[in-house]
Amino acid sequence: MNPDLVEIMRSTLPPEETSVSAIIAQYLAENSRIFKELTDLRLKGWNTSEGDRLFQARRAQSDNANKTQKRMQSFFKMTCEIGQEMDENTSVITLAAAAGSQSPRVLDIGMAPGGFAQTVLRIHRDARIRGITLPSEMGGLRIMLPGWRDDLKVRIEFADITMLANEMGRPATSIPTQHPDIAKFSSKRPFQNETFDLVFCGATGATTRHAHAGAEHHESHKRLRLATSQLVFALQRLRNQGSLVLVMHKPESFDTAEVIRTFTKCSTVRLFKSKTKHAITSSFYMVAMKVDTQSEEMQSAVVKWKKKWEDATFQSDGALSTCLRASEDQVREMLAEFGPQLIDLATPLWKTQADALRASPFLKESKSTSESRSAAASTMRNSTL
């Protein structure tokens, strides 16, 4: 196993994910020149203090986006621009309306600040928008969508998507009273009787870190609850042959690759990464169109994701790690079946991130310093000779 790959896995992933992700990374490095270049650039970046400071600043900026009106306006503008760029690349918004309809029905999970909804309304002025987002008292961002309170086409529910127990098949009344989040579980099922042409699953860890800041559950529990609850909520409301957009991280992660593989079996999948926003990070969007929500594959996936939510919600850290850990055989089976397609889908993402890292100030500075040292060493050798 390449020691550099192992070092990267250990520095960026929970211990239980390290070995399987290293196997995936090794396979990708051997079969994708772009991924190998990206791996080398990531390693150089993580070995610079300037890189550390940049990513710490980015996380702080994300966590504190709600602090001032100026920051929120900037964040709102950025999400509008990402939505526009996404549609230019995939037409997922332009083609959202069902056949024979001019007014798409859109559900935006993790809606705030509302940039995607604004992009939809710019393209389809009569679109019906439903949103679900964290309330501000739980750390949720403000809704910046102009005039949304008075627009009858827009309705927003303020709730924690990860705590809708009844939605996940576990009645809120059955939650053990000793659970650390007992007071946060809800029996509500927002928009239960509506179906949608397009669903955005855009809730991220930045807001849920605030929502569960005092909880005893490990970070991995929260990440898994967020990922699975969004998918279940979305697929139980998405019309058959509708479209779904899901924010994701690291296509080379086993869990991420498995979700992508699932959707490739029952929809048309493209992976989108903005070239102007967050290009330097590992985040991207899976855009799945013509999703066959009635397929056996998708129905089975919903059941599986509900089970994972339950495990993440009620299992201890140790038990969760054991029951969710993929075996090496599972990883190799996934790569044998899906590896080539994963590379085809993810190569544009890796290239975008590699180009951004290569142009980053901290790597340029590191390269300049290295070249200066090499030149000095060469001069010393020549003078000695």
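## Buried rings and a covered strand

F263 counts as buried, at 0% relative accessibility, where buried means under 20% relative accessible area with a 1.4 Å probe, protein chains only. The model is predicted, so local features need pLDDT of at least 70, side-chain atom pairs count only at pLDDT 80 or more, and totals for chains, interfaces and linings use all residues. Residues are numbered from 1 along each chain as its sequence is written, and side-chain values use heavy atoms, with hydrogens and water left out.

A search of the whole structure finds nine aromatic pairs; rings of Phe, Tyr and Trp (its six-membered ring) pair if their centres lie within 6.5 Å, and planes under 30 degrees apart count as stacked, over 60 as edge-to-face and the rest as tilted. Two of these pairs are listed here.

| Pair | Centre distance | Plane angle | Class |
|---|---|---|---|
| F116 and Y285 | 5.8 Å | 65 degrees | edge-to-face |
| F263 and W305 | 6.2 Å | 15 degrees | stacked |

F263 belongs to helix 9 (residues 254-264) and W305 to helix 10 (residues 296-314), so their pair ties together parts 42 residues apart in sequence. Helices (H or I, at least four residues) and strands (E, at least two) are DSSP runs, numbered from the N terminus. W305 is also buried, at 3% relative accessibility.

F116, F200, F272 and Y285 form one aromatic cluster.

Strand 4 (residues 196-201) is mostly covered, with six of its six residues buried. Strand 4 runs parallel to strand 5 (residues 238-249), to which five bridges join it; two strands pair if DSSP finds at least two bridges between them.

Conventions: Buried < 20%, exposed > 50% of the residue type's maximum accessible area, 1.4 Å probe, protein only.
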